[in-house]
Amino acid sequence: MPYELPPLRYAVDALEPFIDAQTVEIHYGKHHTTYLKNLNAAIEKHPELFAMPLKEVLTDLTKVPEDIRLTVKNMGGGVYNHNVYWTCLAPGQGGEPIGKLAQAINKKWGSFEAFKAEFEKAALGRFGSGWCWLSKNKNGELVIHSTANQDAPMQEGLEPLLVIDVWEHAYYLKYQNRRGEYITNWWNLVNWQEAENRFS
Ligand code: MN3
């Protein structure tokens, strides 16, 4: 069975005014959907891979036959990373981290404000297209890091908790070159419950 696109948990205009409806429509309906279409088309050549969860495929790409490995890395990462991105957003959210994750953030960075500043720096500093993540390493410690293109945290041995897409297609219609303003507004949509669930 080919991989499927998880439905959006909210309406395309639900993230307004921070992320506009047209951006969500194109980002989810065209970009994300196209990654999925291209991933499925590649895996059709080795359909036994469909039996594995996508996350597992991306965690160990050596299991993927060489003729489709690069396509699976790029297109599969495009699908997986966006799956995480949409669930990390929710209308009427934002505010501060909760639960065990809040404790871990305070322990590592001293305060939510200090964490935010470092996360924003990493998101702004990603040159070109990519993603900025809060992830957990194998020792359960929190890490802020960014990945290029459609690389996924699992390829660095990390477990993703929270992500912002900093490809221009994620913000250009509303913010043009103002990535910093998009990042500032993105905090208003962060689904901390989702991040806490992933952490615990
Ligand atoms: Mn994107």
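**Close-up views of helix packing and the sheet**

**View A. Phe119, Glu120, Ala123 and Leu124 of α5 meet Arg179, Gly180, Ile183, Thr184 and Trp186 of α7.** Contact here means heavy atoms within 4.5 Å. By class, this α5–α7 contact has five nonpolar, two polar and two charged residues; Ala, Val, Leu, Ile, Met, Phe, Trp, Tyr, Cys and Pro count as nonpolar, Asp, Glu, Lys and Arg as charged, and the others, Gly among them, as polar. Helix α5 covers residues 112-125 and helix α7 residues 179-186, and the two pack at about 145° with their axes 10 Å apart. Axes are lines fitted to C-alpha atoms, for helices over the stretch in contact, with angles running from 0 to 180 degrees between N-to-C directions. The crossing is right-handed, meaning that the near helix is turned clockwise from the far one by less than a right angle, with anticlockwise being left-handed.

A word on the model: it is predicted, so local features need pLDDT of at least 70 and side-chain atom pairs count only at pLDDT 80 or more, while totals for chains, interfaces and linings use all residues. Residues are numbered from 1 along each chain as its sequence is written, and side-chain values use heavy atoms, with hydrogens and water left out.

**View B. Helix α1 passes α3 in a left-handed crossing.** Helices (H or I, at least four residues) and strands (E, at least two) are DSSP runs, numbered from the N terminus. The axes of α1 (residues 21-43) and α3 (residues 66-87) come within 9 Å and cross at roughly 145°. Residues of α1 in this contact include Val24, Tyr28, Tyr35 and Leu39, while those of α3 include Val72, Met75, Val79 and Trp86. By class, the contact has 13 nonpolar, nine polar and no charged residues.

**View C. Histidine 27 sits in helix α1.** With a relative accessibility of 1%, histidine 27 counts as buried; buried means under 20% relative accessible area, exposed over 50%, partly exposed in between (1.4 Å probe, protein chains only). Not counting residues up to four places away in sequence, histidine 27 touches His32, His82, Tyr85, Trp86, Asp165, His169 and Ala170.

**View D. An open sheet of three strands runs in the order β2-β1-β3, paired antiparallel.** Strands β2 (142-148) and β3 are at the edges with a single partner strand each, so one side of each lacks a neighbour in the sheet. Neighbouring strands are turned by 25° against each other on average, direction ignored. Strands pair if DSSP finds at least two bridges between them: seven join β1 to β2, and six link β1 (residues 130-136) with β3. Leucine 134 stands opposite isoleucine 144 in β2, and serine 135 has proline 160 of β3 as its bridge partner. Six of the seven residues of β3 (residues 159-165) are buried.

**View E. Helix α4 (residues 99-109) lies across β1, β2 and β3, at about 90° to β2.** Its buried residues are Leu101, Ala102, Ala104, Ile105 and Trp109. They span an arc of only 165° around the axis, which puts them on the same side of α4; the arc is that of the directions from the helix axis to the C-beta atoms. An α-helix has 3.6 residues a turn, so residues three or four places apart point the same way. Cover for the buried residues of α4 includes α5, β1, β2, β3 and α8 (192-199). Lys100, Gln103 and Lys107 are exposed on the other side of α4. Just after α4, glycine 110 takes a positive phi of about 90°.
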